[in-house]
Amino acid sequence: QVHLVESGGGVVQAGGSLRLSCAASGSRFVLPAMGWWRQVPGKQRESVAILTSRGSTSYASGVQGRFTIARGDAENTVYLQMNSLEPEDTAVYYCGADVLTLELTPMGRSWGQGTQVTVSS
C-alpha cells in the first residue's frame, strides 16, 4: 500500500506563488506516474499536471506556462510550483500516483488527503 502526503497549500493573492509537495511512502512499489489533480465543490476532479517516471510531463491547458511539476530531491517525491496564480486556481489539490507492484502488477491510483489552495483577488 502506498501512502501519499501533501504539503504546501495555503492562501495567496492573485499573481502570487505557492509550491506543493507530495511524498509517497510504503514498500515494494513502483510509481510509473505521479501528478496533481484539483477539485472544486460541485465539479469533477481534474488533472493539473502529470510527471512520468521517464520524465515526461503534461499540463492542463489552463496552467501551461504557469505551473511546473518536477521530482523532489528525495525518492518518490514530486512538487508542483505554481506561479501567477489566479482566483480560478482555487481548489483542493490532490497528489495522485499510479502504483505497480515490484512484479509490475497494476494496483490502481493512490491519492493523498488533499491540500487547500485559495487565491484571493
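Me: How many disulfides does the count come to by the distance rule?

Reply: A disulfide is taken as a pair of cysteine sulfur atoms within 2.5 Å, and by this rule the count comes to one disulfide. The model is predicted, so local features need pLDDT of at least 70 and side-chain atom pairs count only at pLDDT 80 or more, while totals for chains, interfaces and linings use all residues. Residues are numbered from 1 along each chain as its sequence is written, and side-chain values use heavy atoms, with hydrogens and water left out.

Me: Which residues does the disulfide join, and what is the S to S distance?

Reply: The disulfide joins C22 to C95, with an S to S distance of 2.0 Å. The pair links distant parts of the chain, 73 residues apart, with C22 in strand β3 (residues 18-25) and C95 in strand β9; strands here are DSSP runs of E of at least two residues, and helices are runs of H or I of at least four, numbered from the N terminus. The angle about the S-S bond is -80°, and the link of C22 and C95 is left-handed.

Me: Is C22 buried or exposed?

Reply: Buried means under 20% relative accessible area, exposed means over 50%, and partly exposed lies in between (1.4 Å probe, protein chains only). C22 is buried, because its relative accessible area is 2%, and C95 is buried as well, with a value of 0%.

Me: How many bridges join β1 to β3?

Reply: Two strands pair if DSSP finds at least two bridges between them. Five bridges join β1 to β3, and the two strands run antiparallel, with S7 standing opposite S21 in β3.

Me: Which residues make the nonpolar surface patch?

Reply: Patches consist of residues with over 30% relative accessible area and no salt bridge, where like charges are joined within 9 Å and nonpolar side chains (Val, Leu, Ile, Met, Phe, Trp, Tyr) within 5 Å. A salt bridge is a side-chain nitrogen of Lys or Arg within 4 Å of a carboxyl oxygen of Asp or Glu, and accessible areas come from the Shrake-Rupley method with a 1.4 Å probe, only the protein chains shown counting as cover for residues. Here V30, L102 and L104 make a patch of about 250 Å². L102, in the loop between β9 (91-101) and β10 (106-111), is partly exposed at 44%. L104 has a positive phi of about 70° although it is not a glycine.
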